[in-house]
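Keep the structure open beside the text as you read.

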Amino acid sequence: GGGRMGHVNGYYGNNEQSHYDLKLDLTGVTDALIAFDYNTNTEYGWDGWNLLGAIEGQAFNFTSPLIASPNVHNRFVEKLLSPGVTGMAAGRATYDLTPFAGKVVNLRLRFASDHSITRTGTTFDNLVATGTAKTVSAAPEPSTWAIMITGFMSAGMMLRRRRAVAI
């Protein structure tokens with residue numbers, strides 16, 4: 001499915017700010033990516049969009065958006081006060097969410113316009129989130145083996161001492 005940021009009739013208004021929020025539970029993964037197609041038609045340099053990310057319970061940092069790979073942010077967007085996608089641009093944006101792996105992350109696609117020229121805004125489509133699931137080993141780790149062996153030795157020593165006292 002897809003979505004349009006901006007006005008329902010396909011055009012956004014002056015001084016408009018809108019956003020889509022998305023929560024991803026990445027507690028069961030070791031790495032993650034999110035990708036989507038976009039088509040942007042905005043006033044170059046003044047209106048545009050970007051993607052923010054924050055661990056659940058923390059605030060978004062509005063001046064440091066996530067950067068796609070390859071970087072699709074084509075300019076500092078005045079109304080966002082940070083880098084973003086502006087003007088006429090289209091393509092596929094892929095963001096590495098690995099820094100958020102093992103946590104719940106809140107994502108915000110945000111759009112803003114100034115008070116001058118308006119166009120059709122931005123459409124997003126084909127959003128896909130992927131990640132590598134954590135694997136559980138059937139064999140204990142070396143430190144667990146060391147603790148178990150120490151425990152068995154201690155139990156054996158205690159049993160041996162008890163027998164010696166009982167005789």
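Start at Trp49, whose bridge partner in strand 8 is Phe111. Before going further, note that this is a predicted model, in which local features need pLDDT of at least 70 and side-chain atom pairs count only at pLDDT 80 or more, while totals for chains, interfaces and linings use all residues. Residues are numbered from 1 along each chain as its sequence is written, and side-chain values use heavy atoms, with hydrogens and water left out.

Strand 4 (residues 48-55) and strand 8 pair in the antiparallel sense, and that pairing runs over eight bridges. Strands here are DSSP runs of E with at least two residues, numbered from the N terminus, and two of them pair if DSSP finds at least two bridges between them. Trp49 also stands opposite Val85 in strand 6.

Now follow strand 6 to strand 5 (residues 75-77), with which it pairs in the antiparallel sense over three bridges. Arg75 has Gly84 as its bridge partner in strand 6. The hairpin of strand 5 and strand 6 has four residues between the strands, and Leu81 takes a positive phi near 60° there.

Trp49 turns up again in the largest nonpolar core, which has 25 residues; Tyr38, Trp49, Tyr95 and Leu97 touch the most other members. Such a core is a set of buried Ala, Val, Leu, Ile, Met, Phe, Trp, Tyr and Cys residues joined through side-chain atoms within 4.5 Å. Strand 3 (29-41), strand 4, strand 7 (88-96) and strand 8 (104-112) each supply at least two residues of this core, and the largest share, five residues, comes from strand 3. Take a look around Tyr95: leaving aside its neighbours within four places in sequence, it is in contact (heavy atoms within 4.5 Å) with residues including Ile34, Phe36, Trp49, Leu51, Leu66 and Val72.

How many salt bridges does a search of the whole structure find? It finds three, a salt bridge being a side-chain nitrogen of Lys or Arg within 4 Å of a carboxyl oxygen of Asp or Glu. In one of them, the side chains of Arg108 and Asp21 meet at 2.7 Å, N to O. This pair links distant parts of the chain, strand 8 and strand 2 (residues 17-25), 87 residues apart. Arg108 is buried, at 18% relative accessible area, whereas Asp21 is partly exposed at 46%.

Glu56 and Lys23 form a salt bridge too, with the closest N and O atoms 2.6 Å apart. Glu56 lies in the loop between strand 4 and strand 5 and Lys23 in strand 2, so the pair ties together parts that are 33 residues apart in sequence.

Finally, Asp37 forms a salt bridge with Arg92, at 2.9 Å between the closest N and O atoms. Here strand 3 holds Asp37 and strand 7 holds Arg92, 55 residues apart. Asp37 counts as partly exposed at 25% relative accessibility, and Arg92 counts as partly exposed at 37%.

How values were computed:
Buried means under 20% relative accessible area, exposed over 50%, partly exposed in between (1.4 Å probe, protein chains only).
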